[in-house]
Amino acid sequence: MNIIIPMAGMGKRMRPHTLTTAKPLLPIAGKAIVQRLVEDILATSNEKVDEIAFIIGPSFGPDVEKHLLSVAQSLGATGKICYQHEPQGTAHAILCAADSLKGNVFIAFADTLFKATFSIDTNKDAIIWTQKVHDPSAFGVVKLNDVGEIEAFVEKPKEFVSDLAIIGVYYFKDGENLKKELQRLIDEDIKLKGEYQITDAMDHMLKKGMKFYTDQVEEWLDCGNKDATVYTNRRILDIKKDSEQLIAASARLENSVIIAPCYIGENVVIKNSVVGPYVSLEKGAVVEDSRITDSIVGQESIVKNMQLQNSMLGKSVNYSEKPRELSLGDFSTQI
């Protein structure tokens, strides 16, 4: 089986963090979003993965490409870098990895994480992973028939037809056929809101008699904005606290307390502070005289004399407040 990971978009909703780092490369508990995505897919699937194709923008640079290839290698697969020079929709992005669209193909868009067990029935033509949502009008959804097969794909329905939202994870038994259907969209210039969409290709395959099925993830974790990413960091720390070493041996604590679960990266220094719960301090971060909860602090960043919560700091941030000298009498309130 080949895995296709489209990740070309920088992520406008995550600015200013994505001005310098593409959203799939932002850290969640010490690992890039895309790395956690790929690791979880392979850890919960019984299928042997031969190749992982990462679809990126050409501006990502050689360091990013090297890191992605090493992720694939560490998981026993061959890594491949494919370029999407201009964002033109989901179908166009997948087609950028045309050479990898052969045999059994698993596709996952690298802007979300999830808790799931990927039990793939390779005898099925296609499987679309979904999650039940409270407001289906904000999503593309699948409508099922009486025997559990998908009978329609509906984009952001104004009236209720289904609460099963498409999360951007797909399996196709015949990668060559998928490639042909995606190329048809390009050749015939079939677009939705100016972009080539995989949903249009799937709809055409459905009408031709191909059988589509659905499976549900246990939990769908968004990384679309700051608040969602901080919450996802919280959930990943909860999920991984018993299976990953979250505190590096090289971290140095002085007169400080860590309230689990937290990720404390290599060479982190914490002085006179309370950190946690649900905090990720990336490699080389320094925290002094501070209280931090529910936050992500990037590599080599410095936080001093601060109370930080529900926050996200990028790499090499220097965020501090000058200590104040106070003399408060009885019954005082300091705000």
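Please note at the outset that the model is a predicted one.

The largest nonpolar core contains 50 residues. Within this core, the residues with the most contacts are Ile5, Val34, Phe54, Phe106 and Trp129. Helix 1, residues 33-44, is the element that gives the most to this core, contributing 6 residues. Apart from this core lies another, made up of 32 residues, among them Ile94, Leu95, Leu185 and Leu206.

Phenylalanine 106 deserves a moment. Setting aside residues up to four places away in sequence, phenylalanine 106 touches Met1, Asn2, Ile3, Ile4, Ile41, Phe118, Ile120, Trp129, Val169, Tyr170 and Tyr171.

Let me now turn to helix 1 itself. Its 12 residues reach 17 Å from the first C-alpha to the last, close to the 16 Å expected at 1.5 Å a residue. Why is helix 1 described as largely enclosed by the rest of the structure? The reason is that 10 of its 12 residues are buried. The buried set runs from Ile33 through Val34, Gln35, Arg36, Leu37, Val38, Glu39, Asp40 and Ile41 to Leu42.

At the start of helix 6, a side-chain oxygen of asparagine 225 comes to within 3.3 Å of the backbone nitrogen of aspartate 227.

Next, the strands. Strand 4, residues 51-56, and strand 5, residues 78-83, run parallel and are joined by 6 bridges. Isoleucine 56 has tyrosine 83 of strand 5 as its bridge partner. Between these strands the chain passes through helix 2, residues 62-74, and this β-α-β crossover is right-handed.

Two individual residues may be set side by side. Glutamine 131 sits in strand 8, residues 126-132. Glutamine 131 has a relative accessible area of 15% and is therefore buried, the cut-off being under 20%. Beyond its neighbours within four places in sequence, glutamine 131 is in contact with Asp163, Leu164, Ala165, Ile167, Val217, Glu218, Glu219 and Trp220.

Aspartate 200, in turn, belongs to helix 5, residues 198-207. Its relative accessibility is 25%, so aspartate 200 counts as partly exposed. With residues up to four places away in sequence left out, aspartate 200 touches Leu185, Ile190, Lys191 and Leu192. Leucine 185 and aspartate 200 are 15 residues apart in sequence, and their C-alpha atoms are 7.9 Å apart in space.

Finally, the backbone. Most residues other than glycine have a negative phi, and most peptide bonds are trans. Where are the cis bonds that I wish to point out? One runs from alanine 260 to proline 261, and proline 261 lies in the loop between strand 15 and strand 16. Another joins glycine 276 and proline 277, with proline 277 in the loop between strand 18 and strand 19.

Lysine 156 has a positive phi of about 45° although it is not a glycine; lysine 156 lies in the loop between strand 10 and strand 11. Asparagine 305 has a positive phi of about 55°, and asparagine 305 is found in the loop between strand 22 and strand 23.

Technical notes: Residues are numbered from 1 along each chain as its sequence is written. This is a predicted model: local features need pLDDT of at least 70, side-chain atom pairs count only at pLDDT 80 or more; totals for chains, interfaces and linings use all residues. Side-chain values use heavy atoms; hydrogens and water are left out. Helices (H or I, at least four residues) and strands (E, at least two) are DSSP runs, numbered from the N terminus. Buried means under 20% relative accessible area, exposed over 50%, partly exposed in between (1.4 Å probe, protein chains only). Contact means heavy atoms within 4.5 Å. A polar contact is a pair of N or O atoms within 3.5 Å; within protein, one must be able to donate a hydrogen and the other to accept it, and residues adjacent in sequence count only if both atoms are side-chain atoms. A nonpolar core is a set of buried Ala, Val, Leu, Ile, Met, Phe, Trp, Tyr and Cys residues joined through side-chain atoms within 4.5 Å. Two strands pair if DSSP finds at least two bridges between them. A crossover is right-handed if, with the strands pointing away from the viewer, the path from the first strand over the helix to the second runs clockwise. The expected span of a helix is 1.5 Å times one less than its number of residues.
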